[in-house]
Amino acid sequence: MTPLRSSLFVVATTASLGIAASAASKPPLEVVQIAATPNGFSSQPRGWNSFGIQANPDTTPGFSFNQASVVSQCDILASNAALKEAGYVYCSLDSGWSVGGNGDEFGRIIYDSSNFDIPSLAEHLHSEGLLLGIYVVPGAFIADEDKTILGTNVTIGSVCSGDNGLARCNFDYSQPAVQQWHNSVVNQFASWGVDLIKLDFVTPGSPSNGANLPPDLSGEVIAYHRAIAQSGRKIRLDISWKLDRTEKYFEIWEANADSMRTDQDINNGGEPTFVSWEVVQRAIDNYRQYITTVTQYNTTLTVYPDMDNLFVGNPASVSGVTDDERQTIMTHWLGAGANLIIGSDLTNLDDFGLNLLSNPNAIAIADFTARFPMQPRNPGTGNDGSQQLQAWIAGPDPSGTAVVVVANYGPDQGQGGFGTSLSGVQTVNVSWSDLGISGTFDIQDVWADKDLGAESSGFSVKLSEGQSILYKLSRS
């Protein structure tokens, strides 16, 4: 269904109210920016991750978590011209690539050689212009406590104790040898050709983790960042999941990580489909909570939001959401400047999904929001609360260019945060003062690749449940 747009009927003219007076009655817009991350990245990562298929095996018959199956997925990132042009380069392995109970003679993490040869996988990916990502969790193995950390005479057990519920002990981050252990691990990763590390089970955060995690594992994030810095290789650090957003910890996350998870996992674990709309509503509201919280500390951020994997590439019957909802998911991940890590089966992309992932106009939006991520502006008030009928703005940049998203999320299915149940097609009126801008803008419908003309006060759209629009505004 195509959204319907019309000019906004303004009750009071700008001459009678004045743009300044109208805008003054609503919260001023403070433009949010993202600067270079701690490890020197200026765009969000784009690629593919294995977790969705691992957790939802019925979505991808024939897939086994081994090197051959991973290569069959990731080779498509290199062979599909549209995906390659869009910049999807990371091939990221999730949990299970490494030996689960012990490390090497120095307690370093090692790959499960029955399923993977990480150096050869990295060499293959690099030969195609792709990059390799791997997955780790906090701590060293309990089984390795008697082993000596590489380059020291310190045993792991003298600086790591207890049981975090993941077969690992808890480090004492005040001990210098702990950093040396992390350095040795990351140096080995670098020698293999690793380009991204996903660090999971970080606290404070990681709610309902089913483990026995210490309440504060921020030292692990710092240690991995320092290890990357000394490794001599450019490696991204992505931390997970649903991390604490208080100022104390957010300052640690954005000083050490390149992206951070804003929500829990969104996939339908064990189901024949990847995702449900109820959980997507939750993920979008968690991004709203994240961006409205952290921008109270600073409006120039140095970390990208990770809203979890993108499950939009496969047909609706496999993705688990309608085509309108698939487009709305992609629109919000684009608008947020979030990680664009595909979780879908790349061997089963339909034309609609491929276009969502690689549309040149949409990828240009991702390039924009990598510098100017979106923030909520409630239609009618300009506030930032959770609403079923919601507007967002990214920018404007110094030239006056902005990105606007407007959505009808449909009735709250239990986790959306807005609690309303408006059904059917809804008309959403969005004024420039709602968005915190003024002037005349040319409007481009990004997905339709259509110029909609110039507007000086706002616009109106009709949206069905789960539907959204993605507009690029350019100052006239």
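**View 1. Phenylalanine 418 and its contacts.** Leaving aside neighbours within four places in sequence, phenylalanine 418 is in contact with Gln281, Ser386, Gln387, Gln388, Tyr409, Gly410, Pro411 and Asp412. Contact means heavy atoms within 4.5 Å. The model is predicted, so local features need pLDDT of at least 70 and side-chain atom pairs count only at pLDDT 80 or more, while totals for chains, interfaces and linings use all residues. Residues are numbered from 1 along each chain as its sequence is written, and side-chain values use heavy atoms, with hydrogens and water left out. Phenylalanine 418 sits in the loop between β16 (402-408) and β17 (426-431). Helices (H or I, at least four residues) and strands (E, at least two) are DSSP runs, numbered from the N terminus. Is phenylalanine 418 buried or exposed? Phenylalanine 418 counts as buried, because its relative accessibility is 12%. Buried means under 20% relative accessible area, exposed over 50%, and partly exposed in between (1.4 Å probe, protein chains only). Glycine 139 is 279 residues away along the chain, and 39 Å separates the two C-alpha atoms.

**View 2. The antiparallel sheet.** Here 6 strands form an open sheet, with antiparallel pairing. The order is β14-β15-β16-β21-β18-β19. At the edges stand β14 (374-376) and β19 (450-455), each pairing on one side only. From one strand to the next, the twist averages 25°. Two strands pair if DSSP finds at least two bridges between them. Strands of a sheet pair through backbone hydrogen bonds, either parallel or antiparallel.

**View 3. Strand β21 and its partners.** How many bridges join β16 and β21? They pair over 7 bridges, in the antiparallel sense. Valine 404 stands opposite tyrosine 471 in β21. Tyrosine 471 is also the bridge partner of aspartate 445. Strand β18 (residues 441-445) runs antiparallel to β21 (residues 467-475), and 5 bridges join them. Aspartate 442 has serine 474 of β21 as its bridge partner.

View 4. Helix α10 (residues 277-294) lies across β14 and β15 (389-394). Its direction is at about 95° to β14. Helix α12 (residues 323-335) packs on the sheet too, touching β14, β15, β16 and β21. The direction of α12 makes about 40° with that of β21. Axes are lines fitted to C-alpha atoms, for helices over the stretch in contact, and angles run from 0 to 180 degrees between N-to-C directions.

View 5. Strands β9 (residues 236-239) and β10 (residues 259-261) run parallel and are joined by 2 bridges. Aspartate 238 stands opposite serine 259 in β10.

**View 6. Leucine 237 in strand β9.** Leucine 237 is found in strand β9. Its relative accessibility is 0%, so leucine 237 counts as buried. Lysine 198 is 39 residues apart from leucine 237 in sequence, yet 6.0 Å apart in space, C-alpha to C-alpha. Leaving aside neighbours within four places in sequence, leucine 237 has contacts including Asn39, Ile197, Leu199, Val221, Tyr224 and His225. Ile228, Asn256 and Ser259 are also among them.

**View 7. Helices α8 and α9 side by side.** The axes of α8 (residues 218-231) and α9 (residues 247-256) come within 9 Å and cross at roughly 20°. That angle makes α8 roughly parallel to α9. Angles under 35 degrees count as roughly parallel, over 145 as roughly antiparallel, 65 to 115 as roughly perpendicular and the rest as oblique. The crossing is left-handed: the near helix is turned anticlockwise from the far one by less than a right angle. On α8, the contact is made by Ser218, Val221, Ile222 and His225. On α9, Tyr249, Ile252, Trp253, Ala255 and Asn256 take part.

View 8. Helix α7 (residues 176-192) has 17 residues. From first C-alpha to last, α7 reaches 25 Å, close to the 24 Å expected at 1.5 Å a residue. The expected span is 1.5 Å times one less than the number of residues. Of the 17 residues in α7, 13 are buried. Just after α7, glycine 193 takes a positive phi of about 100°.
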